Amino acid sequence: MATKPPASDIDESRVHVTRPKKVAVGIPAVLHALQISVDQMGVARTAQTLLKVNQKDGFDCPGCAWPEEDKRHIAEFCENGAKAVAEEATIRRVPPAFFAEHSIADLYGHDDYWLGQQGRLTHPMILDDGATHYRPISWDDALRTIADELSSLDDPDQAVFYTSGRTSNEAAFLYQLLVRGLGTNNLPDCSNMCHESSGSALTQTLGIGKGTVSITDMHEADLLIVAGQNPGTNHPRMLSALEKAKERGAKIIAVNPLPEAGLMRFENPQTPKGMVLGGTKLADQFVQIRLGGDQALFQAIAKHLIEADDASDEAEGVIDRAFIAAHTSGFAEFDAFIRQVPWSELVTATGVSEKELREVGESVRLSKATIVCWAMGLTQHKHSVATLRDVVNVLLLQGNIGRPGAGVCPVRGHSNVQGDRTMGIYEKPSTAFLDALDAEFGFSAPREHGYDTVEAIRAMRDGKVRVFMGMGGNFVSATPDTAVTEAALRRTELTVQVSTKLNRSHLVTGRRAIILPTLGRTDRDVRGGVEQRVTVEDSMGAVHGSRGRLVPPAEDMLSEVAILTRLSGLLFPPDPLADPSGQPPVHNGNHDRGYPERSPQEEREPKTDPPEAGTPANYPRADWAALERDYSQIRLHIEHVIPGFEEYDRRIAKGRTFYLPNGPRDELSFATETGKAMFTVNDLEYPIIPEGRLLLQTLRSHDQYNTTIYGKDDRYRGIHGGRRVVMVNADDIAALGFAEDEIVDLVSEWRRPDGTLEERRAEEFRIVAYSTPRANAAAYYPETNVLVPLDSTADVSGTPTSKSVIIRLEHRDVA
Ligand SMILES: Nc1nc2c(c(=O)[nH]1)N[C@H]1C(S)=C(S)[C@@H](COP(=O)(O)OP(=O)(O)OC[C@H]3O[C@@H](n4cnc5c(=O)[nH]c(N)nc54)[C@H](O)[C@@H]3O)O[C@H]1N2
Ligand SMILES: Nc1nc2c(c(=O)[nH]1)N[C@H]1C(S)=C(S)[C@@H](COP(=O)(O)OP(=O)(O)OC[C@H]3O[C@@H](n4cnc5c(=O)[nH]c(N)nc54)[C@H](O)[C@@H]3O)O[C@H]1N2
Ligand SMILES: [Mo]
């Protein structure tokens with residue numbers, strides 16, 4: 001069987017470049033996916049696995065958060081979903097012997113591709129203080145070590161608990177409960193780096209931090225604007241929805257600095273037309289916008305609509321005044337503001353002519369139902385929240401919220417990142433959520449906000465954090481400012497990673513480190529003798545079950561749920577009143593904080609009210625072992641705490657899906673400050689690029705899943721065999737005195753608010769001439785994270801500005 005992992009790292013000297021593709025998917029995509037799957041799993045397991053992806057009795061694809069179509073095909077997956085599945089369902093293993101053979105230093109020297117390709121983790125491992133190698137440890141000892149370290153903290157805020165977005169609803173719910181049970185809201189997550197800007201803008205203006213469209217709306221739209229997103233690579237199943245909309249006469253506008261293949265033309269491998277006839281042309285208009293020019297584009301659309309409304313006669317006005325009067329606030333201020341924004345500035349900011357901007361405006365004017373879809377191209381800029389507020393403004397002008405075929409569609413990344421937030425993975429939880437949690441579990445959760453991702457790094461850097469725990473993800477590689485983040489993590493006492501695969505976060509550790517291997521979506525999860533299912537929420541607020549079918553990588557592996565129930569059991573005894581030892585529980589080190597200790601006698605006294613926050617008896621009560629044996633018991637708790645989950649178990653039975661309530665979509669109700677959808681006034685911002693410099697966006701290649709590198713190619717962009725490339729406009733290459741194919745250093749220049757200039761360097765990148773606006777460049781993440789300054793974050797949302805890094809190119813041969 002061809003399942004040997006690569007013996008060496010990517011050889012970057014072998015990069016070659018071909019013409020970028022104009023068509024996405026088609027037969028090459030299917031073949032590529034099958035090749036990777038067979039390499040990782042062999043033929044039989046490939047067939048068994050891929051047929052279960054996104055089926056009603058199967059598992060949810062761990063690839064992305066795009067929803068399933070109501071009518072499913074036999075093979076409801078895409079090339080990159082298949083790659084995500086293969087990556088997890090691989091039969092390659094990283095057993096204890098692997099760690100005996102490789103020291104941490106040796107492993108650290110390998111690239112992310114090599115690390116990820118070694119296979120699935122199988123056994124809990126510990127790195128002792130001063131050790132060079134991880135050694136195996138039993139589950140009990142590993143969990144006890146973690147509980148002891150947590151219990152010894154002077155203050156629960158000395159611990160940080162990160163979550164990546166693959167964690168199921170059940171595990172996420174238990175995780176936040178454990179963290180709040182300890183007494184902190186330090187729950188940073190990958191969302192902080194991803195769609196936080198969307199959440200911030202939408203919560204303020206529409207009263208819900210999620211999208212307002214369903215998959216049916218996608219099909220029924222008249223106009224779809226896809227801005228700052230590369231669905232051909234990152235959400236390939238979305239192309240089917242775009243195709244369907246197109247067949248019903250919808251228009252599609254792609255807004256992107258790069259002409260991404262998937263947006264241009266699509267060959268659907270699941271229809272005869274796609275396979276034989278060369279597919280569907282998707283985008284009717286491609287707006288090649290400057291990086292960070294989107295706020296200006298949406299202001300231009302609004303300006304065009306308002307001007308067109310002035311010019312139209314009263315009866316058939318462009319602007320939906322009835323909707324505005326009934327459902328919105330702030331229109332007058334917005335109207336006055338937009339009128340005075342000069343067209344010339346909108347042209348400068350977008351790099352797009354007034355004529356073309358007005359063409360987009362005309363398409364919007366003529367559309368009866370408009371959806372705006374976006375992803376990281378709109379969320380990872382300094383002014384992202386303002387940009388997204390202007391997206392909402394445009395939609396409100398024509399009443400495009402809460403009507404069929406219309407609305408906002410932030411396309412989420414990780415397959416359950418939205419569900420994790422619904423379950424309370426959030427550093428700024430609402431009081432309503434905490435009140436319900438308190439009532440359900442008889443304790444008092446902390447009210448003070450916790451650290452987000454960037455704040456967590458700062459706190460670690462400043463020595464304020466002693467324990468870091470990651471529930472999935474790859475914190476070291478995903479976060480900005482790699483050197484700073486690495487140093488920050490190394491200052492902690494203990495780092496704990498719950499992971500399926502080996503990654504760099506296992507190699508950059510606190511004084512001690514623990515790896516807890518865990519089951520993934522594809523693995524069969526038997527607890528208490530019963531096969532368990534978990535649930536997830538997709539990008540459109542639909543919740544459904546997911547059940548893995550594959551034999552787990554090793555015998556005594558634990559699911560995320562089991563890890564959390566056992567750890568909770570150590571920290572919070574199930575029923576202290578019945579505890580025969582009469583020992584006070586080991587839980588959150590409050591003893592060290594000078595809170596009055598309770599005697600075992602007092603401990604037994606019946607309690608009527610939940611205890612005060614910060615008192616020793618203050619921890620959640622639950623029958624942890626029962627929750628581990630039967631996940632539907634966890635769902636019952638969720639049902640009691642979170643609105644919209646009534647009859648949870650029944651509504652996910654037999655592969656069913658249910659939609660969570662969505663005020664704007666369901667009933668035009670808006671939980672905002674004014675009780676209405678809010679127009680907002682946002683001063684126009686766009687990046688100013690100094691002379692001789694480039695603005696760099698850091699993005700994904702076709703062969704990666706965030707920090708997991710599947711392969712060496714970015715097929716649609718025509719870049720093969722390597723990743724250390726920087727895509728630059730051919731005219732800039734010449735004007736700046738460089739040559740195509742030249743190997744250069746990328747140096748980022750960041751001016752701190754106090755005026756000091758900081759530089760960061762990423763070495764040895766190959767220049768590739770590419771179609772991108774002048775002064776705009778692109779390179780892959782995570783290699784370029786060293787260039788992103790920790791303090792360069794989006795206003796309001798705090799998201800690192802990964803799509804907006806000022807750099808200069810530097811020749812390497814000068815010395
Ligand atoms: N196969 C695969 N699937 C994935 C992932 C993966 O890594 N691999 N990651 C998952 C995750 S977590 C996420 S968040 C999503 C990410 O999905 P995307 O957001 O599509 O991912 P990126 O590669 O960051 O691409 C950003 C896109 O926005 C464009 N862009 C950049 N800056 C701007 C700008 O200022 N304005 C405009 N209009 N466009 C801009 C870029 O050219 C690019 O097309 O995908 C999810 N799905
Ligand atoms: N420069 C730059 N930086 C970025 C971005 C960018 O566009 N540019 N994008 C940002 C975005 S959008 C995101 S979402 C973050 C992603 O940040 P993360 O979510 O932290 O990173 P991933 O690479 O998705 O995490 C991969 C690891 O998750 C573990 N894993 C996979 N499945 C499971 C599972 O089921 N359970 C558990 N416990 N572990 C699992 C595996 O061990 C794997 O190594 O990166 C952000 N960073
Ligand atoms: Mo993401």
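Start with ligand 2: the shell of residues around it divides into nine nonpolar, 16 polar and five charged. Here Ala, Val, Leu, Ile, Met, Phe, Trp, Tyr, Cys and Pro count as nonpolar, Asp, Glu, Lys and Arg as charged, and the others, Gly among them, as polar. Before you click further, know that this is a predicted model, in which local features need pLDDT of at least 70 and side-chain atom pairs count only at pLDDT 80 or more, while totals for chains, interfaces and linings use all residues. Residues are numbered from 1 along each chain as its sequence is written, chains are lettered from A and ligands numbered from 1 in the order in which they are written, and side-chain values use heavy atoms, with hydrogens and water left out.

**Stop 1: ligand 2**

Select everything around ligand 2 and you'll get 30 residues, the closest being Tyr 162, Ala 478, Glu 560, Thr 707 and Asn 785. (A residue is near a molecule or strand if one of its heavy atoms lies within 4 Å of it.)

Asn 503 has a polar side-chain atom 2.8 Å from an oxygen atom of the ligand. At Thr 698, a side-chain N or O atom sits 2.8 Å from a nitrogen atom of ligand 2. How much of ligand 2 does the protein cover? The protein covers 96% of the 930 Å² of accessible area that ligand 2 has on its own (Shrake-Rupley method, 1.4 Å probe; for residues, only the protein chains shown count as cover).

**Stop 2: ligand 1**

Next, select ligand 1, which has 32 residues around it; Asn 256, Glu 260, Asp 294, His 381 and Asn 706 are the closest. By class, that shell holds twelve nonpolar, 16 polar and four charged residues. Zoom in on the backbone this time: a polar backbone atom of Asn 234 is 2.8 Å from a nitrogen atom of ligand 1, and a backbone N or O atom of Gln 704 lies 2.7 Å from a nitrogen atom of the ligand. (Helices, H or I with at least four residues, and strands, E with at least two, are DSSP runs numbered from the N terminus.)

**Stop 3: the sheet**

Switch to cartoon view and find the open sheet of six strands, ordered S6-S5-S18-S17-S16-S7 with mixed pairing. Strands pair if DSSP finds at least two bridges between them. At the edges are S6 (135-136) and S7 (159-163), each pairing on one side only. Look at S16 (residues 467-471) and S17 (residues 494-499): they run parallel, joined by five bridges. One to pick out is Val 467, whose bridge partner in S17 is Leu 494.

**Stop 4: two loop residues**

Finish with Pro 782, in the loop between strand S32 (776-780) and strand S33 (805-811). The peptide bond from Tyr 781 to Pro 782 is cis, with omega near 5 degrees. Then jump to Asp 741, between helix H33 (730-735) and strand S30 (743-751). Its phi is near 80 degrees, a positive value in a residue other than glycine. For context, most residues other than glycine have a negative phi, and most peptide bonds are trans.

Key. Polar contact = N/O pair within 3.5 Å; in protein donor to acceptor, adjacent residues only side chain to side chain.
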